[in-house]
Amino acid sequence: MDNCPGCGAMAPVHDTHGVSYTYKGQHTTIPGVAAYHCASCGDVRLDPAAVHRYDELVARFHRKVDAALVDPAYLRAVRKKLRLDHDEADEVFGTDHFERYEAGKAQPHPSTVALVKLLDRHPELLAEVRGV
Ligand SMILES: [Zn+2]
């Protein structure tokens, strides 16, 4: 790259380092991203050769965030469907604050969300999960 497309300054620097990235309020650092950095205006452009990998890592992060994001009302609906109170829900899901998840004050771990979805589809497995 000869000149910065942003400000026209000479020769942006080719460099590789982590790029911070935010999706739905969740932060991550995409490691080892090759890009051109302009010292004059701060403009950063991905090295065209790095775009595919970058997009793939971003897509993976989106999937991870989306898997963990769950509507608090859904958690409440499943707990009610399973006829659990908050303490019982903590016992079944191995959580300390299921109530806080329902209130949208905390984000459950993806494995908790996976178990909630599983029991939503197969409530007959509840007894097995509880070990009774
Ligand atoms: Zn520039």
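This is a predicted model: local features need pLDDT of at least 70, side-chain atom pairs count only at pLDDT 80 or more; totals for chains, interfaces and linings use all residues.
Residues are numbered from 1 along each chain as its sequence is written, and side-chain values use heavy atoms, leaving out hydrogens and water. Local features need pLDDT of at least 70 and side-chain atom pairs pLDDT 80 or more, while totals for chains, interfaces and linings use all residues.

Student: Which residues coordinate the zinc ion?
Tutor: Donors are N, O and S atoms within 2.8 Å of the metal (3.2 Å for Na, K and Ca), and since water is not among the atoms, sites may look incomplete. Here the donors follow the spacing C-x2-C-x30-C-x2-C along the chain. Through their SG atoms, at 2.2 to 2.3 Å, the zinc ion is held by Cys4, Cys7, Cys38 and Cys41.

Student: Is Cys4 buried or exposed?
Tutor: Buried means under 20% relative accessible area, exposed over 50%, and partly exposed in between (1.4 Å probe, protein chains only). Cys7, at 41%, is partly exposed. Cys4 has a relative accessibility of 3%, so Cys4 is buried.

Student: Where do the buried residues of α2 lie around the helix?
Tutor: Helices (H or I, at least four residues) and strands (E, at least two) are DSSP runs, numbered from the N terminus. In helix α2, which spans residues 72–81, Leu75, Val78 and Arg79 are buried. Seen down the axis, using directions from the helix axis to the C-beta atoms, these buried residues fall within an arc of 100°, so they line one face of the helix.
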